[in-house]
Amino acid sequence: MKLRLTGAVAFSAALYAQLVGILFSVLIARKLSTTDFGLWAYVGALISYSLTPVGLVGGWISRDAARGEKVMYPSLMVSSFLVASGLTIYIAASTLTHSQIGAGLTVLLAGLLILVPNALANIATAIASGYTPHHVGLGSMLFETVKLVSAFTFVVLLGLSTLPFVFLAVGIGHASSMLFLLYAAKGTAGRLDLKKYLRKWLRGSIVNAVMIASGLLFTADVILISLLTGGTVVTAYWQAATVVGLLVNASSYLAAGLYPRLLSGGGLGDADKSLHFTLTLAVPILFGSIALSDYILSIVNPVYSVAWMAASLMALTYFIGIIMGMYNTLIIGTEQFDLDRVPAVKEYLKSRLALGVYVNAYTGPLYLSLLAVMLLLSRDAGINMQATSISAAKLAIALIQTAIYRRYAKTFTGFKMNLREVAPYFVSSLPMTLVVLVLKHLIGQPPQQLILVLRGAAVLSGAGALTYFAVLYCLSGKFRLLVREAIQTVRVYTTRFGLLPRHR
């Protein structure tokens with residue numbers, strides 16, 4: 001149950017973080033112009049590139065932390081040099097591209113308010129994800145809460161509705177998360193054995209550099225979209241559509257405990273439990289997000305509600321990504337080549353950990369090429385069709401990648417998804433979707449007022465959830481077992497803390 005408990009804590013935290021994050025998106029989407037909202041996404045893409053140096057060691061820090069090693073001080077020492085490199089990348093990229101998208105250089109440079117605390121928070125997350133993974137979700141909760149409160153203070157209470165103050169609010173959130181995670185992982189603090197880890201991490205960073213370089217092709221989409229369209233308006237519509245996909249992605253945190261479990265000796269039984277536990281909520285959230293895509297977009301800003309098709313495709317894309325993530329976790333979590341020794345670079349590149357390099361190297365250029373073609377074909381069809389074309393390209397590549405990871409997961413571990421066992425999740429989602437669509441038809445189009453659309457979305461979501469879990473309880477023996485285990489766990493903890501009397 002500890003595997004599921006970690007997943008449940010991580011998911012609950014992620015769901016809270018996603019909901020609060022959506023409130024933050026609603027706040028800035030309703031206060032910023034469409035151009036500035038798109039520029040917000042553009043700055044996020046530049047920050048992703050600038051965080052590349054920090055990402056060189058993050059994965060190895062997590063692996064060593066999961067094995068109980070004292071990695072905190074070496075991690076912070078190494079990261080201080082990597083952050084400086086990130087600053088250089090960001091300043092150079094901002095200087096070179098600001099005129100092409102019609103943005104002021106000063107506004108782009110204000111993104112440094114996010115970059116520095118974000119980089120340090122990433123290192124803290126890397127340590128905590130290996131040592132105490134359930135605290136990572138709590139750190140996300142803290143980040144989103146502080147970010148929202150700070151943004152509300154600056155934008156609403158003080159009337160400072162400009163991007164620099166939005167950036168400052170995000171930076172404060174990252175700083176809070178960093179401090180919390182470092183405290184939660186204080187057990188990894190120990191003697192500063194920099195030489196031991198520096199050699200290992202530097203060797204591994206060569207592999208990570210190749211991995212990150214191939215992965216950066218996928219974060220170039222926002223930059224490519226903005227450059228091809230000559231602005232950030234299309235980016236804004238697609239960014240709003242992505243919010244719907246993020247709701248689906250929250251369920252991926254249910255599998256948060258799988259990777260450290262596999263590293264510490266877990267097997268296929270743990271993978272099967274995590275898969276079922278994740279799909280229990282991922283499937284209905286997928287169906288519900290598609291059915292309520294117009295409502296969710298209306299919450300963000302009514303002007304984006306026309307992008308419901310792009311949002312539906314993004315929801316499906318993120319769901320496919322969850323499956324792909326499970327396969328990838330199996331592949332790299334069962335790799336033991338770096339256990340108790342410092343392997344050579346060639347061994348890294350031949351290991352399963354390098355699979356992502358080759359997958360991204362093939363599919364990355366394909367994605368950007370497909371994206372460019374789709375944008376050129378839809379350039380006269382309007383903003384909504386362009387946003388839909390972007391989402392379609394993203395979905396196509398996700399399907400290709402998942403097929404590749406599925407094949408290698410079966411080859412390396414023998415894991416194969418049993419479609420008959422996961423069918424109840426999809427079957428139960430069908431009547432749920434029908435109930436939601438019928439009620440939505442009776443209610444009518446999403447209202448313009450925020451409080452009314454929130455109330456309507458809550459009623460529709462509640463009715464759908466009741467329908468889904470009632471049907472699933474009747475169909476799935478595994479779900480009934482899961483409910484009994486959850487009830488037993490709650491009883492144990494409530495008895496431990498004196499909330500229920502002990503049985504005699």
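This is a predicted model: local features need pLDDT of at least 70, side-chain atom pairs count only at pLDDT 80 or more; totals for chains, interfaces and linings use all residues.

Visitor: What about contacts between residues 24 or more positions apart?

Guide: Such pairs account for 84% of the contacts in the chain with a separation of 6 or more, a contact being heavy atoms within 4.5 Å.

Visitor: Which residues touch the most other members of the largest nonpolar core?

Guide: They are W40, L279 and F319, in a core of 141 residues; a nonpolar core is a set of buried Ala, Val, Leu, Ile, Met, Phe, Trp, Tyr and Cys residues joined through side-chain atoms within 4.5 Å. Helix α15 (residues 308-333) gives the largest share of this core, with 15 residues. As background, nonpolar side chains tend to be buried together in soluble globular proteins.

Visitor: What does L279 touch?

Guide: Not counting residues up to four places away in sequence, L279 touches P284, F319, I323, V422, Y425 and Y468.

Visitor: How do α13 and α20 pack?

Guide: Helix α13 (residues 268-291) and helix α20 (residues 450-475) pack at an angle of about 135°, with their axes 11 Å apart. That makes α13 oblique to α20, since angles under 35 degrees count as roughly parallel, over 145 as roughly antiparallel, 65 to 115 as roughly perpendicular and the rest as oblique. The axes are lines fitted to C-alpha atoms, for helices over the stretch in contact, and the angles run from 0 to 180 degrees between N-to-C directions.

Visitor: Which residues meet there?

Guide: On the α13 side they are L279, T280, L281 and P284, and these meet Y468, F469 and L472 in α20. The residues of this contact divide into six nonpolar, one polar and no charged, with Ala, Val, Leu, Ile, Met, Phe, Trp, Tyr, Cys and Pro counted as nonpolar, Asp, Glu, Lys and Arg as charged, and the others, Gly among them, as polar.

Visitor: Now α2 and α10, please.

Guide: The axes of helix α2 (residues 34-50) and helix α10 (residues 221-229) come within 8 Å and cross at roughly 135°, and the two helices are therefore oblique to each other. In the contact, A41, Y42, A45, L46 and Y49 of α2 meet V222, I223 and S226 of α10, and these residues divide into seven nonpolar, one polar and no charged.

Visitor: Is I101 buried or exposed?

Guide: I101 is buried, with a relative accessible area of 7%, and is found in the loop between α4 (72-97) and α5 (105-109). Leaving out residues up to four places away in sequence, I101 touches L39, Y42, S226, L227 and G231. I101 and L227 are 126 residues apart in sequence and 6.3 Å apart in space, C-alpha to C-alpha.

Visitor: Changing topic, where is V306?

Guide: V306 is found in the loop between α14 and α15 and is partly exposed, with a relative accessible area of 43%. Not counting residues up to four places away in sequence, V306 touches Y237 and N384.

Visitor: How do α14 and α15 themselves cross?

Guide: The axes of helix α14 (residues 293-300) and α15 come within 9 Å and cross at roughly 110°, and the two are therefore roughly perpendicular to each other. Their contact is made by S293, D294 and L297 of α14 and W308, A311 and S312 of α15.

Visitor: Last one: where does H174 lie?

Guide: H174 lies in helix α8 (residues 163-184) and is buried, with a relative accessible area of 12%. Leaving aside neighbours within four places in sequence, H174 is in contact with I114, P117, N118, A121 and F143.

Key: Residues are numbered from 1 along each chain as its sequence is written. Side-chain values use heavy atoms; hydrogens and water are left out. Helices (H or I, at least four residues) and strands (E, at least two) are DSSP runs, numbered from the N terminus. Buried means under 20% relative accessible area, exposed over 50%, partly exposed in between (1.4 Å probe, protein chains only).
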